[in-house]
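Biologist: Please take a close look at one part of this model for me. I would like the charged side-chain contacts, along with the loops around them.

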Amino acid sequence: MNAAVFYATREGHTRRIAEHIAAALRAQQVDVDIYDVNHLASLDWSRYVIACVAASVHVGHHER
């Protein structure tokens with residue numbers, strides 16, 4: 001099974017959370033790719049069964 005974890009971060013905290021999510025999935029024998037959405041080009045969605053999104057929140061607003 002393949003999963004994709006997407007994140008957006010300003011200071012790196014959300015990246016670390018995304019890495020923890022990926023590690024937890026890998027512990028369950030899931031193949032995981034992590035993507036910073038600010039550097040995402042094209043993606044073959046057919047590769048993934050699971051997708052997770054993590055976004056930072058600053059002053060009550062999510063990262064763009």
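Modeller: The model is predicted. Start with Arg 10, in the loop between β1 (2–8) and α1 (13–27). Arg 10 is exposed, at 54% relative accessible area. From Arg 10 to His 20 is 10 residues in sequence and 17 Å in space, C-alpha to C-alpha.

Now the salt bridges. The structure holds 2. One joins the side chains of Arg 15 and Glu 19, at 3.7 Å from N to O. Both residues sit in helix α1, 4 residues apart, so about one helical turn separates them. Arg 15 is partly exposed, with a relative accessibility of 33%. Glu 19 is also partly exposed, at 38%.

Gln 29 has a phi near 70°, a positive value in a residue other than glycine. Its relative accessibility is 66%, over the 50% cut-off, so Gln 29 counts as exposed.

Strand β2 brings in the other pair. The side chains of Asp 33 and Arg 47 form a salt bridge, 3.3 Å from N to O. Asp 33 belongs to strand β2, while Arg 47 lies in the loop between β2 and β3 (50–55), so this pair ties together parts that are 14 residues apart in sequence. Arg 47 is partly exposed at 41% relative accessibility. Asp 33 is partly exposed too, at 25%. That value lies between the 20% and 50% cut-offs, so Asp 33 does not count as buried.

Key: Residues numbered from 1 in each chain as written. Predicted model: local features only at pLDDT ≥ 70, side-chain atom pairs only at ≥ 80, totals over all residues. Heavy atoms only, no water. Helix = DSSP H or I, 4+ residues; strand = E, 2+ residues; numbered from the N terminus. Buried < 20%, exposed > 50% of the residue type's maximum accessible area, 1.4 Å probe, protein only. Salt bridge = Lys/Arg side-chain N within 4 Å of Asp/Glu carboxyl O.
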